[in-house]
Amino acid sequence: MDLERAAADLRLIREQLQRVESWQGFRSVAVGCSAIFAVFGWLWQSWMEAGGAMGRDRFLTVWIVVAASAALVTATEMGIRSWFSASRDVWRMQRGLLLQLL
């Protein structure tokens, strides 16, 4: 068998596997922290509305801070898991996920 053709076939198989692999990377810490941040964002927003200080800029500030905090916790958890994983597949899957999100 031709080695170049076999290598090309392997590349195609790997690409196909990457498309169908499901990501199991978001664990309870990231999801739980995101939920807690959302509740705090809601409370913060309610508090600002009650004080009459809620404008468009402040509304955006509240939810951008919430989103950035949740993203930071998720990225930290992904980084820690990748660092302690012996498999290169974890790095590859996370890179693919980040590229899709971007």
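## Helix 2

The buried residues of helix 2 are Ala30, Gly41, Gln45 and Met48, where buried means under 20% relative accessible area, exposed over 50%, and partly exposed in between (1.4 Å probe, protein chains only). They pack against helix 3 (56–84), a contact being heavy atoms within 4.5 Å. Helices (H or I, at least four residues) and strands (E, at least two) are DSSP runs, numbered from the N terminus.

Helix 2 covers residues 28–50, and its 23 residues should span 33 Å at 1.5 Å a residue, which agrees with the 33 Å between its end C-alpha atoms. The expected span is 1.5 Å times one less than the number of residues. Just after helix 2, glycine 52 has a positive phi of about 75 degrees.

## Basis of the model

The model is predicted: local features need pLDDT of at least 70, side-chain atom pairs count only at pLDDT 80 or more, and totals for chains, interfaces and linings use all residues. Residues are numbered from 1 along each chain as its sequence is written, and side-chain values use heavy atoms, with hydrogens and water left out.

## Helix 3

Helix 3 has 29 residues and reaches 42 Å from its first C-alpha to its last, close to the 42 Å expected at 1.5 Å a residue. Its buried residues are Val62, Val66, Ala70, Val73, Thr74, Glu77, Met78 and Ser82.

## Whole chain

The protein chain has 4 helices and 0 strands, in the order α-α-α-α along the sequence. Of its 102 residues, 16% are buried.
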